[in-house]
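Subject: Handing over a structure

Hello,

Here is the structure I promised to pass on. Please open it first, then read my notes below.

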Amino acid sequence: MKADFAGFFDPLIANFEKANPGVKVKWTDLAGGADFDSKMLTDAQSCTLPDVINAPGSTIVGLSNAGELINFDAKTPGIGDVYVPSIWKSIEFTKGNGHTALPWYWGPSVTTFNKKVLTDAGLDANNPPKTMAEMFAAGKTIAAKGGDAKAFWGAIDWTYVDQWHGMGVKAMNEDHSQFTFADDKAALEWMTGMADVYKAGGIPKDSVTADPDPSQSFDQGKLAFGSTNASFLRNVKKNAPTVYPNTGVSEDCAMKVFPQCSMLNTSLFPRAPRTCRPPQHLQPMSPTRKTSLRGPKTPALSSSPVLQRHWMTLSLLHPPAMTRSVWPGL
């Protein structure tokens, strides 16, 4: 992250240290990988993990079950009041442990697509899929057209949870004591839809067990739908200048899930919970990020109607909370 976000975090760290005399913050940048969860648990048990970590849900669950993370509800009552209630409720990962993580940053998902691939398949590039059912139908249409271009990337590690949320899949029962997705109608519809597109030839066979990043195939113009991460567009513009003009963006069929910030219960730093709180006055993470969501008084978004709709919807749902929890903070 340092390569892209040092310009945002370095001043933030400096301001935090200035406001807390005697405190020094060391930022360690650790790449993810297949062994990330096990490494975090090993480091925590050997007391070498930092006081505050940013990690995905799977890591938080493992560390919580091992009793390695503090319960924010007990240590800092009311810390969740600044977040959108539904988001705050959704990250109570383990039963009985309270909130062992805080939402760290959030961003709306988007549907990115190659307009030429859709048009060549007879689809309306000005009216891309708005639901997963429409997405599956488009995938089969693209497959039926034949040719080199496929519809979806097969490795769904980055997308299926968001898509399940968007379809209303209930992965667990109400008290989070049992998984229920195997009998969930919406989950079955998703699985059937993906299987049908695969059988029709709309998913590259070698992509099912590949890296979840579809960038290379999309950059080559061989994939109809790209990543749902808005920053994906920046990479397409940089790496595939001939594909970028044909890249469309629309509202996504799914909901975005986000990384979390947690604190070790063995921390000797009494103010550490404060380092997880989001800053109260938001600024764009980078002046070059035209899609930045700014503070409540200046929601200066790009001209994208998709991003504007996301901002308006979220602001209407819970304006004070969302304006405090969109951006990462130390």
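Which residue just after α3 takes a positive phi? Gly67 does, with a phi of about 70 degrees. I return to α3 below.

First, the ground rules. This is a predicted model, in which local features need pLDDT of at least 70 and side-chain atom pairs count only at pLDDT 80 or more, while totals for chains, interfaces and linings use all residues. Residues are numbered from 1 along each chain as its sequence is written, and side-chain values use heavy atoms, with hydrogens and water left out.

**Overall**

The protein has 14 helices and 5 strands. Both are DSSP runs, numbered from the N terminus: helices are H or I with at least four residues, strands are E with at least two. Of the 330 residues, 42% count as buried. Buried means under 20% relative accessible area, exposed means over 50%, and partly exposed lies in between (1.4 Å probe, protein chains only). Now take the contacts (heavy atoms within 4.5 Å). Among those with a separation of 6 or more, 69% join residues 24 or more positions apart.

**Confidence**

The mean pLDDT is 77. That score is the predictor's confidence in each residue, from 0 to 100. A value of 70 or more is reached by 74% of the residues. Two stretches need care. Over residues 268-276 the pLDDT stays under 50, and the model has 32 contacts for them beyond four places in sequence. Over residues 278-330 the pLDDT is below 50 as well, with 98 contacts in the model beyond near neighbours in sequence. Where pLDDT is low, the predicted coordinates should not be read in detail.

**From α2 to α3**

Helix α2 covers residues 36-45. Helix α3 covers residues 57-65. Two packed helices are described by the angle between their axes and the distance between the axes. Here the angle is about 35 degrees and the axes are 9 Å apart. Axes are lines fitted to C-alpha atoms, for helices over the stretch in contact, and angles run from 0 to 180 degrees between N-to-C directions. The crossing of α2 and α3 is right-handed. A crossing gets that name if the near helix is turned clockwise from the far one by less than a right angle, and is left-handed if anticlockwise. On the α2 side, Phe36, Asp37, Met40, Leu41 and Ala44 make the contact. On the α3 side, Ser58, Thr59, Gly62 and Leu63 do.

Which residues of α3 are buried? They are Thr59, Ile60, Leu63 and Ser64. These four lie on the same side of α3, because they cover an arc of only 130 degrees around the axis. The arc is that of the directions from the helix axis to the C-beta atoms.

Cys47 sits in the loop between α2 and β1. Cys47 is exposed, at 60% relative accessible area. Its phi is near 60 degrees, a positive value in a residue other than glycine. Most residues other than glycine have a negative phi.

Strand β1 spans residues 52-55 and holds Ile53. Ile53 is buried, with a relative accessible area of 6%. Thr28 is 25 residues away from Ile53 along the chain, yet their C-alpha atoms are separated by 9.3 Å. Ala55 counts as buried, at 1% relative accessibility. Its C-alpha atom is 9.1 Å from that of Met40, 15 residues apart along the chain.

**Around α9**

Helix α9 (residues 185-200) meets helix α8 (residues 160-167), with axes that come within 9 Å and cross at roughly 130 degrees. The crossing is right-handed. Tyr160, Gln163, Trp164 and Met167 of α8 make the contact with Ala186, Glu189 and Trp190 of α9.

Gly168 touches Asp184 and Ala186, not counting residues up to four places away in sequence. Gly168 and Ala186 are 18 residues apart in sequence and 6.6 Å apart in space, C-alpha to C-alpha.

Helix α7 (residues 132-145) also packs on α9: the axes come within 8 Å and cross at roughly 10 degrees. The two helices are therefore roughly parallel to each other. Among the residues of α7 that meet α9 are Phe136, Gly139 and Ala143. Their partners in α9 include Trp190, Gly193 and Val197.

Best wishes

Key: Parallel < 35°, antiparallel > 145°, perpendicular 65-115°, else oblique.
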